[in-house]
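Hi,

Here is the structure I promised to pass on.

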Amino acid sequence: FHLSHKVTRVVPESALLIVLGLFLGGIVWAADHIASFALTPTVFFFYLLPPIVLDAGYFMPNRLFFGNLGSILLYAVIGTVWNAATTGLSLYGVYRTGIMGHLNTGLLDFLLFGSLIAAVDPVAVLAVFEEVHVNEVLFIIVFGESLLNDAVTVVLYNVFESFVAIGPENVTGIECVKGIVSFFVVSLGGTLVGIFFAFLLSLVSRFTKHVRIIEPGFVFIISYLSYLTAEMLSLSAILAITFCGICCQKYVKANISEQSSTTVRYTMKMMASGAETIIFMFLGISAVNPEIWTWNTAFILLTLVFISVYRVIGVVLQTWILNHYRMVQLEIIDQVVMSYGGLRGAVAFALVVLLDTDKVKEKNLFVSTTIIVVFFTVIFQGLTIKPLVQWLKVKKTEHREPKLNEKLHGRAFDHILSAIEDISGQIGHNYLRDKWSNFDRKFLSKVLMRRSAQKSRDQILNVFHELNLKDAI
């Protein structure tokens, strides 16, 4: 597949893997008449998702991520709640008209389905957007949203699942307040667990000078521990491992040797790529099982229409609000790509498989619809997003190291902007970034970085070193 550039330019790898999975599942089914494999939630959440999310967090461009954090949070939290509520309520409204025929469900079941189908999947977004090479701001907003909204989706899913379990007649105002509080506790708790383990990992890597051979092991084990700890405490494990990767990267990269850093990079990429391959292939294989298929044309088609329409409406409304506060405006073209980039994937499938048939009577219909939605978004939208980006002439990213002159001007602008914010009394993100880097230089780096690393991070020495290298070359 990767040898043929013509094919890779047109077909995303994720779409090809799903088709391959369907083909393999079909062969097994034709031979034995049993669905031999299925993507189980346990395997997905404990073994396949962590390496992908850790890879995303550890190689996250921090400055871009924190610079756009407000926008990302708005799309991830408000956007996901909007998509879940509108999709669930609209499906319920249409069901009441009788178009879908008789279904053994109530309002809470529809809201539960809306909450799990609202998840924009980081695995699918990464797989498609990395091949498209859209500009950094657009990529970080869509990718950051898909990463953080998983946590929101899992919380919403758990809240509605518990509502379904206790029965609609027992859902009171107090239960709703508990649900809202649990959302904040789970999200913030997961983030704090991740930050704690990031600092622990940075501290450990400071003292591994004499055992270079096992340095990469610490990175993987402690990061995975953050995921398991958050899961054990019923907090957001996805947020924990994401923030563990984001917060430790600077210190760990400075502390560990060049060889260990290379090992970490390639091992992490290999594990993430392997997990992605397994997920998409198993999504194809899992679909070849006649026992899970329940067809309802109106329900399936309306789900596809509602998730697409409400995604567009949500993006347009939120961007209109955001553009009043953003320095770099999000143009109409960016909004089209963001609306179109709402790919659903394995997270939705794993959550729908987790449903209890005794409590949710129409589980098979929900599973069938989720599979159709995942296939439609990954294969159809995945195939058409590249031509769309080229047709709209979306600004592409440039992969190159900034020149020394650009670095100097960039740094000078940073200081000027934070000074202007300081003088005018406006606390913006330049001011906050400046304060954070001062705090980091005075305290955190001294505790979490070894002495030699602190010296080598001296900026004037770095410039001198770069100039000497250029002369030598």
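Phe129 sits in helix H7 (residues 122-132); helices here are DSSP runs of H or I with at least four residues, strands are runs of E with at least two, and both are numbered from the N terminus. With a relative accessible area of 2%, Phe129 is buried (buried means under 20% relative accessible area, exposed over 50%, partly exposed in between, with a 1.4 Å probe and protein chains only). Setting aside neighbours within four places in sequence, Phe129 is in contact with Val134, Phe139, Val142, Val337, Gly341 and Ile385, where contact means heavy atoms within 4.5 Å. Phe129 and Leu343 are 214 residues apart along the chain, and 10 Å separates their C-alpha atoms.

Before you read on: this is a predicted model, in which local features need pLDDT of at least 70 and side-chain atom pairs count only at pLDDT 80 or more, while totals for chains, interfaces and linings use all residues. Residues are numbered from 1 along each chain as its sequence is written, and side-chain values use heavy atoms, with hydrogens and water left out.

Now the aromatics. Searching the whole structure turns up 20 aromatic pairs (rings of Phe, Tyr and Trp, the last by its six-membered ring, pair if their centres lie within 6.5 Å; planes under 30 degrees apart are stacked, over 60 edge-to-face, and the rest tilted). One of them is Phe113 with Phe299: the ring centres are 5.3 Å apart and the planes are at 45 degrees, so this pair is tilted. Phe113 is in helix H6 (residues 107-117) and Phe299 in helix H13 (residues 297-322), so the pair ties together parts 186 residues apart in sequence. Phe113 is buried at 0% relative accessible area, and Phe299 is buried at 0%.

Phe160 and Phe163 make an edge-to-face pair, 6.1 Å centre to centre with 85 degrees between the planes. These two are three residues apart in helix H8 (residues 136-166), which puts about one helical turn between them. Phe160 is buried at 16%, and Phe163 is buried at 7%.

There is also one aromatic cluster formed by Tyr92, Tyr95, Phe110, Phe113, Phe299 and Phe366.

What about the cysteines? Counting a disulfide as a pair of cysteine sulfur atoms within 2.5 Å, the total is zero. For Cys247, the nearest cysteine sulfur belongs to Cys248, 7.9 Å away. Cys176 is partly exposed, at 37% relative accessibility.

Cheers
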